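Have your viewer open as you read.

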Amino acid sequence: MKKFTQLNGIVAPLDRANVDTDMIIPKQFLKSIKRSGFGPNLFDELRYLDEGQPDQDCSGRPLNPEFVLNKSRYQGASILLARQNFGCGSSREHAPWALEDYGFRCVIAPGFADIFYNNCFKNGILPISLLDDDVDQLFNEVASLEGYQLAIDLDREVIVKPDGEEIAFSIDAFRRHCLINGLDDIGLTLEDESLIRSYEQKHIKKNPWLFGAIK
């Protein structure tokens with residue numbers, strides 16, 4: 001998993017509440033469990049004018065010119081600004097896979113669905129919850145300034161705006177540790193690899209009959 005310490009990126013505003021995981025990545029794309037290649041189908045039903053299919057080449061599909069990610073001013077965005085209850089609906093982990101594959105490393109919203117929130121941390125995405133007033137102000141500033149960027153400092157737990165103003169946020173210490181060090185569940189387990197190997201060796205010596213058929 002990619003480490004997350006600091007991020008300077010363009011902000012793309014998705015001004016709608018209750019964006020569910022089916023909207024983030026529609027159900028027809030859930031057949032794959034590769035964890036990659038979902039970026040072209042992020043927000044597929046909003047982004048394109050036709051219905052997308054798995055393994056389809058999206059380069060020639062008709063784009064919805066009104067959708068935010070299709071606007072030139074938001075190309076290359078790595079921070080998504082959203083509204084309340086982002087990531088609600090089914091628990092599909094494909095949703096953060098699609099966001100990360102597109103290039104988003106951070107989502108800012110007043111609130112997130114719990115399972116989606118947890119899945120973000122396991123996939124290198126930082127979800128930041130802010131007060132409604134702070135989110136409203138960010139939407140206004142993004143709309144008024146093309147190329148609007150924010151600096152996210154996870155170590156200090158602050159968002160730095162273009163004018164230097166800082167907005168504090170709070171992340172659970174364990175989740176913060178995992179993101180800063182790029183540790184998903186497998187990475188956390190491998191931190192104790194030497195202890196695991198030691199236990200296995202002792203277990204084999206103590207109970208050799210359990211391992212007689214294993215070569």
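In strand β5, D153 is the bridge partner of Q6. The model is predicted, so to speak of local features a pLDDT of at least 70 is needed, side-chain atom pairs count only at pLDDT 80 or more, and totals for chains, interfaces and linings use all residues. Residues are numbered from 1 along each chain as its sequence is written, and side-chain values use heavy atoms, with hydrogens and water left out.

Strands β1 (residues 6-13) and β5 (residues 149-153) run antiparallel and are joined by five bridges; strands here are DSSP E runs of at least two residues, helices are H or I runs of at least four, and both are numbered from the N terminus. Two strands pair if DSSP finds at least two bridges between them. With β2, strand β1 pairs in the parallel sense over three bridges, and there V11 stands opposite I79. Because six of its eight residues are buried, β1 is largely enclosed by the rest of the structure. Buried means under 20% relative accessible area, exposed over 50%, and partly exposed in between, with a 1.4 Å probe and protein chains only.

Now turn to the helices. In α3 (residues 94-102), the buried residues include H94, W97 and L99. Their cover includes α1 (21-24), β2 (79-81), β3 (106-109) and α4 (114-121), where contact means heavy atoms within 4.5 Å. After α3 comes G103, with a positive phi near 130°. In α4, F116, Y117, N119, C120 and F121 are buried, and what covers them includes α1, α3, β4 (126-129) and α6 (173-181).
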